[in-house]
Structures are given as C-alpha cells and as structure tokens.
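Hello,

Here is the structure I promised to pass on. My notes on it follow below.

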Amino acid sequence: MSKSALQFLHNGREVAIFVDGGTSLLVTLRELIGDMTPKFGCDQGGCGACSVLIDGELHLACLTLAETVSGRAVETLDGLKDGPNLHPLQRAFADNFAAQCGYCTPGMLMAAKALLDRNPSPTRADVVEAISGNICRCTGYEPIINAVLGAAAGGRTRA
Amino acid sequence: MPVTVKTFATSGEAAAALSSDRGARYLGGGTLVMRALNEGDIAISTIVRASDHALMRIDAAGARVTIGAGVTFAKIIAERDLAFLHAPARSIGGPAVRNMGTVGGNLFASSPYGDFTVALLALDATVAVQSGLGAREVGIEEFLQSRERQAGLVLSISCQKPASADAFRYRKITRIKPKGGSVITLAAHLPSMAPTQLRAKSAERALEGRPLDATTISAAAAAATEGTSPTDNALASAWYRREIVGVHLRRLLSGQE
C-alpha cells in the first residue's frame, strides 16, 4: 500500500507529511506530528478523549481518516495555550478542580472551546449537551460544568 | 493494516468502484468504517470516498424532502425546514458524532445504533441507490432487509413531510441517557427489538383509522411487540425490552412525555 502526501494546518502551523492509507487523524497527530494532547481512549468514538476541532467544528480524531483533513485547519489542546499563559478555559478548569486524572481533560477542553466559540453565554443545559460525548470516570461532571460556566462568565467580564 | 484510499469526483465513479471490489467500503463521516478499521477489520481493503456536492444537498422546500446521503446530523439540526427530524438527529451521540455521522451511514448502523433510520422507517422514506446498473429508488423497508447485500452507493433519502407537527412523534427510550427510540406516525418503530429496524405493523393496524382514545392506545400498546425478537445484552434484557415498548408507546400516544 502506498503512502499519501497530506498537508494541513496544525494549530496554525502548516504541516506536510506522508500517511499510510486508513490512518486515523489521532495516530497522525500523536505518532507522526508528536502532538500528544489528543488522548487515545476507546478508539471507537465513544469516549471523546481525542476530540479536536476541524475548521472550528468538534470532531473525533480516532474516527477521522487522516486524508480527509487535507487543506483544513486542525486545532488541538496543544494550540490553546499562549506561551506560558493558560487559556481562560484551562485556568477555569484549574480553579474549579475540574481535572483529576486528567485523561479526559483535553477532549473536555476542546468540546468546551467549540461551545464557547459558537455561544459565549451558554446555559448550564448548553454545557451539559456540549460535553455529552465526553466521558469522565473520576472527576465527576459538576466541576467540569462549573469550570466551563466560569470561563464563559470570565469571558463576559473581560469583554 | 494499511488500506487503499480512493477519492472520486462523482458518486457514479465511487459507486462503480464499490460494485467492482468486495473489499471496498464507502467512507462518509467515518463513524462506522473508521471504527471497523480501528478494530482491525481485515475485510476492508479499500476505502472509497466521493467529493460530489450532490451528496451534501438538502432539498426541503416542498412537501417532499430529499436529503443527500452525506448530510450530517448537525446539518439537519441546523435546517429549519427539517424541524420534524431534529429530535431523531439530536438523539444521536454527542456533538462530535453529530458533526461527523451522516444520514446515509446511519442506514448501515446495526443495533443498538441506527436511531435516525428508525425515524426514516416511520416516515416510509425511499432510498436512492447508485449501482453499476444505474440509479434506482428503493423503499426503506426493502432496503433494510437487503442492506448487507447492497452493492453500490446510497445517494439520498426522500420522505414526505408530516402533515402537522403532531403527526410525527419521536421518542428514544434508553436506560443510560433519557434523550428521546420508538417512533410514532400511526406507526411504532422498534430499534433493538430485531436484527434490523422494523415497523410495528400490528400496532399500526391497531391505530389506523381509529380515534386516539384509551381503548385504541391500549390495543396498540398490547400489539407493539408482535413479531419482534429482542435479545439480551449488557444494556437491557430481552424481557425488559419487550416490557417497556408498550409502556412508552402508551405514554407517547397519551401525550404523557
């Protein structure tokens, strides 16, 4: 099987690589690009740990064929921080104790970012719906929901 | 295991590629095919894609709607003229799955998935399929009975818009997350009750042409599981599945939920 050339924007930076046919975006990001922030969870689309944004839309990297992101913009948690400064969502997660083992956190943050990019003033129900595809097995969802609502409130204050 | 990926400009070329290669699978949103690949499904040797914009088209202005097979559930939710399909679209996965999963792919999702197909079955939809012999329209019941043997590519799904907002009701019954499947339009449809989605025809007969009073509802609820063969699994026992169908059908028809 031959490899395919693939070019896309990874957190604003253009990357050009070769991938085997059938490779997922998750494997591409982690093993070929070295971005370990999307987590390898179920590999079945059930846990949300590999959530990324593709052209601003929330997708599961494990179920995304790498070739389908050709020419598109992929955002991962690695692109959220600004140098040493945490993104307001990351700060809110820390302030609200919204991470325990942390394995679900990258996916949760990307799901939350997708929500706040579209709706800066979400209701609690909006947040619950936005993270409904992301499973957390240790923190519990309340601190996570509170963190997203806190980040949204902070964003309104800053604006 | 690496596979060959072939991308075609037209659905016709993609359909021809699928028809000529037993190891070829069409990749729409990826939620079924990538999952199979990740599991190591060695039956898949070729992934076929099409960049044909016709597969992404929604025509919902008239009384009959046509939805391209590549339309995602998120797109359906965003389309005001498809309000009657918002509840079944919302009942699928989380936001990421709805951004990826397609109407065409859902036709091939086996139990316990395929909830959107249940709604299409209730709406008596037709499926446009392109094969090496050309394009043809198939009734959704016939399609589902033979979907494993289907060669070619699903192009679109069409159905009549319900006459009123009340003429089509959708509820998904689940022990995990109560979001909304059984479906009524004078019909009850029962996912997880048989190997493929099926219509509750005995319940339909009990409802058709009768006022929706307590007697009719009781008769429909009693007939709802006729002809079904639910199985036990980790989510629910066959006994439980059989028991709840009538209960929820009764509640739905009575406007209790």
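**Chain A: the sheet**

In chain A, residue A:Ile54 stands opposite A:Val74 in β5(A). Please keep in mind that this is a predicted model. The pair belongs to the contact between β3(A) and β5(A), two strands that run antiparallel and are joined by 2 bridges. Helix α3(A) packs on the sheet here and touches β3 and β4 of chain A. The direction of α3(A) makes about 35° with that of β3(A).

Now the whole sheet. It is open and has 5 strands, in the order β2-β1-β5-β3-β4 of chain A. The pairing is mixed. Which strands stand at the edges? They are β2 and β4 (57-60) of chain A. Each has a single partner strand, so one side of each is left without a neighbour in the sheet. Neighbouring strands are turned by 40° against each other on average, with direction ignored.

Start at the β2 end of that order. Strand β1(A) covers residues 3-10, and strand β2(A) covers residues 13-20. They pair in the antiparallel sense over 8 bridges. A:Ala5 has A:Phe18 in β2(A) as its bridge partner. A:Leu6 has A:Ile17, also in β2(A). The hairpin of these two strands has 2 residues between them. There, look at A:Asn11: the residue takes a positive phi near 50°.

Strand β1(A) has another partner in β5(A), residues 73-75. These two strands run parallel and are joined by 2 bridges. A:Leu9 stands opposite A:Ala73 in β5(A). So much for the strands of chain A.

**Chain A: the helix pair**

Next, α2(A) and α3(A). Helix α2(A) spans residues 88-95, and helix α3(A) spans residues 105-118. How do they pack, and at what angle? The angle is about 125°, and the axes are 10 Å apart. That makes α2(A) oblique to α3(A). The crossing is right-handed.

From α2(A) come A:Leu89, A:Gln90 and A:Phe93. From α3(A) come A:Thr105, A:Leu109, A:Ala112 and A:Lys113. By type, the contact divides into 4 nonpolar residues, 2 polar and 1 charged.

**Chain A: two domains**

Chain A is divided into domain 1 (3-79) and domain 2 (88-158). Their centres, taken over C-alpha atoms, are separated by 22 Å. Across the boundary, 13 residues of domain 1 are in contact with 13 residues of domain 2. Which element gives the largest share of the domain 1 side? It is strand β3(A), residues 51-54, with 3 residues. The domain 1 side as a whole has 8 nonpolar residues, 4 polar and 1 charged.

**Chain B: the sheet**

Chain B has an open sheet of 3 strands. The order is β1-β3-β2, and the pairing is parallel. The edge strands are β1 and β2 (24-26) of chain B, and each pairs on one side only. From one strand to the next, the twist averages 25°.

Strand β1(B) is joined to β3(B), residues 46-50, by 5 bridges, and the two run parallel. For a landmark, take B:Val5: the bridge partner in β3(B) is B:Ile47. Helix α1(B), residues 11-19, lies across β1, β2 and β3 of chain B. The helix runs at about 165° to β3(B).

**Where the chains meet**

How many residues of chain B are in contact with chain A? There are 19, and they are in contact with 26 residues of chain A. On the chain B side, the elements that give two or more residues are β1 (4-8), α2 (33-38) and α5 (95-100). The largest share, 5 residues, comes from α5(B). By type, the chain B side divides into 11 nonpolar residues, 7 polar and 1 charged.

Best wishes

How values were computed:
Residues numbered from 1 in each chain as written. Chains lettered and ligands numbered in written order. Predicted model: local features only at pLDDT ≥ 70, side-chain atom pairs only at ≥ 80, totals over all residues. Contact = placed C-beta atoms within 7 Å. Helix = DSSP H or I, 4+ residues; strand = E, 2+ residues; numbered from the N terminus. Nonpolar A, V, L, I, M, F, W, Y, C, P; charged D, E, K, R; others polar. Pairing = 2+ DSSP bridges. Axes fitted to C-alpha atoms, helices over the stretch in contact; angles between N-to-C directions. Parallel < 35°, antiparallel > 145°, perpendicular 65-115°, else oblique. Left-handed = near helix turned anticlockwise from the far one by under 90°. Domains from an automatic or database assignment.
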